[in-house]
Amino acid sequence: MSLCVRSREELTRLIPCVLLLNGAAVKTRKFKMPEYVGDPINIVKIFSDKCADELIVLDIGATVAAADPNYSLLEALCSQASMPMCYGGGIRSLKQAERLHQLGFERISVSAYALERPEFVKEYARCFGSQSIVITLDIEWSTLLRKYIITSHNRKRKWDLSICDALQRFQDLGAGELVISNTALDGTEAGYDQKLIQMCSNNSLLPIVPLGGASSVKDMQNAIQVSGASGAAAGSIFIYRKPHRAVLPNYPTHEFE
Amino acid sequence: MIAIVNYGLSNVASVENMLKRITRELIVTTNDPDQIGMADKLILPGVGSFDRGIANLHDLGLSDAITYAVKVKGTPILGICLGMQILSLSSEEGRLPGLGLIDARFSRFTDSKIFKIPRMGWGWVSFKTTSALTKYGNGMSRFYFVHSYFCAECDPLQVAATCSYGMEYVCAFQRGNIYGVQFHPEKSHRYGQALLKGFIDL
């Protein structure tokens, strides 16, 4: 498979990921120790002003709490965004999805519920179109089982489903994109697991977006240009500024701007 | 008064939010045929499936209201994404006919490992003519695309812009006061703002 036929601008999808917990923006490390990083409305505004390609908002408390999305906060976030927005966290019904679309989210991410009730993906695609449903898979390498495993509910539940089977299943059900969220690399800035990205993009026709572990913009570009990802998402490198890990939302300027 | 048509499938909030940043004109989101009749400009956004969109417009009595406003009154209309499809003759995505306001037809992208479907991402757009859409543009323009169906046939005189995704295709059309864009100006930062500003200025 050759990527060189695609023009350079098609490869640009660098996606900040903002985590929400109880209405605040937080950052985690390996899905633990959430640290407050600011007012999410302000953070979204900053990324919008800096012309971020897209933004993912994930409410990391919603699924476990079995709570509805925080619609009023999300409405405020959308009012600040002039780029495509994706929301994930606790989505379990078409009604919730519809409300989120009405608020201004282009796409919805479903994680735990897609594993619990895969038919939801089909129902959703039929109603709103494939392009607006993203499946986020929390994945980690199990040294015990010597393979990648899928988890949910902040790593508390483990699923007996291989990555390749999951990719095929969600592709068949009509998902529009797959976010491969590497839980062990979350917050580490240690570099993406490029092998995992390659494995996923080689085994699926769906666009793959890695999340977790991005060490730099170059690392993100490698994920796209070398490993076959369609875009790349990151939290830490867009929220923190080295060397002291100060909270400073930032985003690279495109060469052509 | 700018009326954003709300037919139950559209992400009206995004369009509304961007319009509020670029104009002080009254912006109304509506599914009332009378308000559509009174509007100075119409915007037909859309996210979702073709048949459902057309059916909703018919059920709400909006397809007649839109057609009348556009063809008889000459109200400028901008269809966005699904909205653009709906302005056309037909789409492979559905069985129902479109509003037929533009001589164009939509087909599905061919499955490809390199150019994945749906197309999701930013892309350069090449405008073929000078129009309201290009009034505030600054040379090359980039917009955000999310779609699986594209304009496969279009009257050459109605082609406003093309783009490329595996092949070149029409991503904007125009016929007098009727405009359609495949991409999402409301999600395209300053490029989208420039395009919408040009349309508002009509």
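# Briefing on chains A and B of a predicted model

Of the 257 residues of chain A, 61% count as buried, where buried means under 20% relative accessible area, exposed over 50% and partly exposed in between, with a 1.4 Å probe and protein chains only. This is a predicted model, in which local features need pLDDT of at least 70 and side-chain atom pairs count only at pLDDT 80 or more, while totals for chains, interfaces and linings use all residues; side-chain values use heavy atoms, with hydrogens and water left out. Residues are numbered from 1 along each chain as its sequence is written, and chains are lettered from A and ligands numbered from 1 in the order in which they are written.

**Confidence**

- Chain A has a mean pLDDT of 90, and 94% of its residues reach 70 or more; pLDDT is the predictor's confidence in each residue, from 0 to 100.
- Residues 1-9 of chain A have pLDDT below 50, and this stretch has 15 contacts in the model beyond near neighbours in sequence; contact means heavy atoms within 4.5 Å.

**Chain A as a whole**

- Chain A contains 10 helices and 14 strands; helices (H or I, at least four residues) and strands (E, at least two) are DSSP runs, numbered from the N terminus.
- Along the principal axes, the C-alpha atoms of chain A fill a box of roughly 40 × 40 × 35 Å.
- Of the contacts in chain A between residues at least 6 apart in sequence, 65% join residues at least 24 apart.
- Chain A exposes about 10,300 Å², with 51% supplied by carbon and sulfur atoms; accessible areas come from the Shrake-Rupley method with a 1.4 Å probe, and for residues only the protein chains shown count as cover.
- The 28 positive and 27 negative charges of chain A have mean positions 6 Å apart. Lys and Arg count as positive and Asp and Glu as negative, while His and the chain ends are not counted; the place of a charge is NZ of Lys, CZ of Arg, CG of Asp or CD of Glu.

**A residue of chain A: A:Asn222**

- A:Asn222 lies in helix H9 (residues 217-225) of chain A and counts as partly exposed because its relative accessibility is 27%.
- Leaving aside residues up to four places away in sequence, A:Asn222 touches A:Gln194 and A:Ser227.
- From A:Asn222 to A:Arg107 the separation is 115 residues in sequence and 25 Å in space, C-alpha to C-alpha.

**Chain B as a whole**

- Chain B has 6 helices and 12 strands. Its radius of gyration is 15 Å, close to the 17 Å that the globule rule gives for 202 residues, so chain B is as compact as a globular protein of that length.
- The C-alpha atoms of chain B fill a box of roughly 45 × 40 × 30 Å along the principal axes.
- Of the 202 residues of chain B, 64% count as buried.
- In chain B, 72% of the contacts with a separation of 6 or more are between residues 24 or more positions apart.
- The accessible surface of chain B is about 7,400 Å², and 49% of it belongs to carbon and sulfur atoms.
- The centres of the 20 positive and 17 negative side chains of chain B lie 9 Å apart.

**A residue of chain B: B:Ser141**

- B:Ser141 is in strand S8 (residues 141-147) of chain B and counts as buried because its relative accessibility is 7%.
- Not counting residues up to four places away in sequence, B:Ser141 touches B:Gly123, B:Trp124, B:Val125, B:Phe127 and B:Tyr191.

Technical notes. Rg over C-alpha atoms; globule rule 2.2 N^0.38 Å.
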